[in-house]
Amino acid sequence: MTPAPYPIGLIHYTNVAPILDYLQVPGGVDVIRGVPTQMNEALLTGRVSMANISAVEFIRNADVLSALPDFSVSVLGAVYSVNLFHRRPWGDLRGGRIALTAQSATSVALLEVLLRETGVQATLERAEGSALELLDQGYDGVLRIGDDALREWYDVVGPIGEEVSMLDLPHQKHGVTVTDLAHRWFVLTGHPFAFAVWAYRKDAPPPHALLQAMRVSRRAGIGQLAEVSERHARRLGLPERVVQHYLWNFRYHLEAPDRLGLAEFADKVLPGHAPLEFGTGLHALTP
Ligand SMILES: C=C(O[C@@H]1C=C(C(=O)O)C=C[C@H]1O)C(=O)O
């Protein structure tokens, strides 16, 4: 008897290209793709058994989900693709209206934490459109994530020539400020921020062949980062150097500092949450 297929969901943002571009999906694994909120829902409803999902949904559903112990989309400091666009200074957003992308769960929760910790009360509303369109429509702030956020950051601050150091990438131009939420989290806590984990339903752990294939493809992607960056830079219409900097900056292994950041975020966002489990019940891990 052939075993039932194992369905997985994959968020297709460029930030996971180094993990997924070289993935050879093993037989018996079915893949669907989508934005974070779609993959969150697919995992929570059981349509898929494992997905890279918004870290905040892993925290909120820690009773039914476990996370792979060695996969994440984390960053220490600026991330470049989780951005609040605004014209007035952060402190002056008090009483204002902030437009939220419908693609995100974690970054919305992160924004709420950061606003609360800085004493800024604002009205948060779902609204679709580019950052500049929504600012022109009268929103005081616009949250964007993923490839759109990266491109729109570059549209605002670019062009960035060879003379600009990657340590000093701009975040302001023509009266628009692009506040990088991961950078703000770093300033607040000193920790990395984990945006996504690979979560699976505790009742349906992933087959070993899939985990091995993901580790092999991550090694290939990181090892060929120049090629990955060139390919995606062309697709995004961004300089290769900027995309390579963007990609190497991610922390893909859920290491101890990433777990500290995740635990701190969990306590801020959902005090009293169920314990977070990493790989409990998974068969032996091969490095
Ligand atoms: C870093 C990012 O992280 C993503 C942000 C998510 C969210 O806000 O819910 C979910 C998955 C992550 O891959 C990004 O969107 O650029």
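This is a predicted model: local features need pLDDT of at least 70, side-chain atom pairs count only at pLDDT 80 or more; totals for chains, interfaces and linings use all residues.
One of the sheets is open and consists of six strands in the order 2-1-3-11-4-12, with mixed pairing. Its edges are strand 2 (29-34) and strand 12, each of which pairs on one side only. Strand 12 finds its partner in strand 4 (residues 65-75); the two pair in the antiparallel sense, over two bridges. Within this pairing, Arg 251 of strand 12 is the bridge partner of Ser 74. Helix 11 (residues 256-269) packs on this sheet and touches strand 4, strand 11 (193-201) and strand 12. The direction of helix 11 makes about 90° with that of strand 11.

The other sheet is also open, again with six strands and mixed pairing, and its order is 7-6-8-5-10-9. Strand 7 runs parallel to strand 6 (residues 97-100), and four bridges join them. Across that pair, Ala 99 stands opposite Glu 125 of strand 7. Parallel and antiparallel pairing both rest on backbone hydrogen bonds between strands of a sheet.

Strand 12 also takes part in the packing of helix 10 (residues 240-248). Which residues of helix 10 are buried? They are Val 242, Val 243, His 245, Tyr 246 and Leu 247. In an α-helix there are 3.6 residues a turn, so residues three or four places apart point the same way. Among the buried residues of helix 10 are Val 242 and Tyr 246, as well as Val 243 and Leu 247. The buried residues pack against helix 1 (17-20), helix 6 (146-157), helix 9 (225-236) and strand 12 (250-251).

Ser 107 has a side-chain N or O atom 2.6 Å from an oxygen atom of the ligand. At Ala 105, a backbone N or O atom lies 2.9 Å from a ligand oxygen atom. At Gly 146, a polar backbone atom is 3.1 Å from an oxygen atom of the ligand. How much of the ligand's accessible area does the protein cover? On its own the ligand has 390 Å² of accessible area, and the protein covers 100% of this.

Technical notes
Residues are numbered from 1 along each chain as its sequence is written. Side-chain values use heavy atoms; hydrogens and water are left out. Buried means under 20% relative accessible area, exposed over 50%, partly exposed in between (1.4 Å probe, protein chains only). Contact means heavy atoms within 4.5 Å. Two strands pair if DSSP finds at least two bridges between them. Axes are lines fitted to C-alpha atoms, for helices over the stretch in contact, and angles run from 0 to 180 degrees between N-to-C directions. A polar contact is a pair of N or O atoms within 3.5 Å; within protein, one must be able to donate a hydrogen and the other to accept it, and residues adjacent in sequence count only if both atoms are side-chain atoms. Accessible areas come from the Shrake-Rupley method with a 1.4 Å probe; for residues, only the protein chains shown count as cover.
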